[in-house]
Amino acid sequence: MRIGAFLPAAQFPGRDHTRVLESTLDAAVAAEEAGFDGVWFAEHHFMSYGICPSAATLAAFVLGRTHRISVGTAVSVLSTRHPVDLAEQANLLDQVSGGRFRLGVGRGGPWIDLEVFGTGLDRYENGFAESLDVLLAALGGGRMRADGATFGFREVEIVPGPRTRPRPDVMVAASSDRTLHLAARLGLPVLVGMHLTPQEQAELLRDHAEHAPEGPVAGHVVTGVAHVADTREEARTTLLEALPTWLRPGLASYQPLDGRQRPQRDPDHYARFLVDTHAVGSPDDCVGRLTEQARVTGAEELILLVEGAGDPDAVLRNIARLGSEVLPKVRAAVD
């Protein structure tokens with residue numbers, strides 16, 4: 001059982017961009033020292049929900065600051081990127097890190113990002129499968145060409161090729177049946193969001209297995225929230241006070257490109273859901289919740305949002321306590 005730390009570079013109120021990013025880097029280094037197996041960064045644009053616009057760039061810096069852990073993107077958004085460009089970056093990081101880089105990709109959403117970067121709504125709605133095909137071909141290195149509806153270019157040599165063969169790890173964020181079934185057909189593992197209960201995460205992974213032509217796929221990643229305190233009530237109070245102050249402006253920043261009104265989660269309700277569903281409580285509470293999530297889902301990896309308290313010092317204490325009081329017991333129970 002691998003357990004990683006998920007660090008979206010969340011901008012809580014009263015913190016400027018410099019402090020947020022410095023705190024994120026401190027948390028990544030602390031996660032390695034605490035015994036986490038990896039750290040994961042998210043890509044967001046034009047919003048306080050996460051102020052990292054390039055998860056691969058931040059991953060590159062952290063790979064240089066760490067020595068043991070894997071560093072991944074959860075996720076890099078393919079709908080606003082050229083897949084060959086992303087593959088070149090991934091192969092480069094795979095080479096220079098000794099195979100510690102892991103690439104998570106996603107479709108993204110119908111947001112204003114598509115307008116700013118010039119890829120458009122059609123690329124989001126209809127181009128993800130082609131983008132993923134081109135990405136996978138380029139990650140393998142060697143010579144390739146493309147003759148698709150969106151990507152067409154003469155044969156080129158992809159350099160560098162990957163250090164990890166046949167290519168670096170790739171997983172797909174899946175929140176819709178269409179994306180889930182595409183990943184299954186391609187034999188790719190999926191990354192499942194924390195907005196689902198462990199039982200719902202497990203159902204999604206069973207659906208994936210049913211649509212995988214070669215049978216069940218290894219390497220699935222499920223996400224959750226983890227915050228440890230002396231008592232469950234103390235942990236709950238901390239997150240229920242802090243999470244809505246981050247979620248409220250962050251969730252409101254999503255701007256649909258097509259102008260349609262889309263449902264938004266209520267930040268207070270979503271905070272309560274996260275606290276009630278995931279590993280928030282005493283060390284024993286957290287061990288129990290994470291062990292249950294691992295067993296119910298059958299996923300090979302858990303990645304945990306550890307920034308929920310907002311305050312940088314509290315985040316570092318949370319990481320340290322999870323590493324010393326929770327993670328070893330979860331691994332012993334599951335492995």
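Author: What follows takes a few labels and sets each against its rule, bearing in mind that the model is predicted.

Reader: Why is Cys52 called buried?

Author: Buried means under 20% relative accessible area, and Cys52 has a relative accessible area of 5%, so the label applies. Cys286 counts as buried as well, at 0% relative accessibility.

Reader: How many disulfides does the rule give?

Author: A disulfide requires a pair of cysteine sulfur atoms within 2.5 Å, and by this rule the count comes to 0 disulfides.

Reader: What makes strand 3 and its neighbours count as paired?

Author: Two strands pair if there are at least two bridges between them; strand 2 (residues 38-41) and strand 3 have 4 bridges, in the parallel sense, and therefore meet that condition. The chain passes from strand 2 through helix 2 (residues 55-65) to strand 3 in a right-handed β-α-β crossover.

Reader: What does the largest pocket look like in terms of volume and lining?

Author: The largest pocket has a volume of about 1,600 Å³, and among the residues closest to its centre are Trp111 and Arg265. Its lining divides into 25 nonpolar, 15 polar and 8 charged residues, and the largest share, 3 residues, comes from strand 3.

Technical notes
Residues are numbered from 1 along each chain as its sequence is written. This is a predicted model: local features need pLDDT of at least 70, side-chain atom pairs count only at pLDDT 80 or more; totals for chains, interfaces and linings use all residues. Side-chain values use heavy atoms; hydrogens and water are left out. On a 1 Å grid over the protein atoms alone, a cavity is a set of points where a 1.4 Å probe fits but cannot get out, and a pocket is an open set with protein on both sides within 12 Å along at least five of seven lines; lining residues have an atom within 4 Å of a point. Grid points are joined across faces, edges and corners, and a volume is the space filled by probe spheres set on the points. Helices (H or I, at least four residues) and strands (E, at least two) are DSSP runs, numbered from the N terminus. Ala, Val, Leu, Ile, Met, Phe, Trp, Tyr, Cys and Pro count as nonpolar, Asp, Glu, Lys and Arg as charged, and the others, Gly among them, as polar. Buried means under 20% relative accessible area, exposed over 50%, partly exposed in between (1.4 Å probe, protein chains only). A crossover is right-handed if, with the strands pointing away from the viewer, the path from the first strand over the helix to the second runs clockwise.
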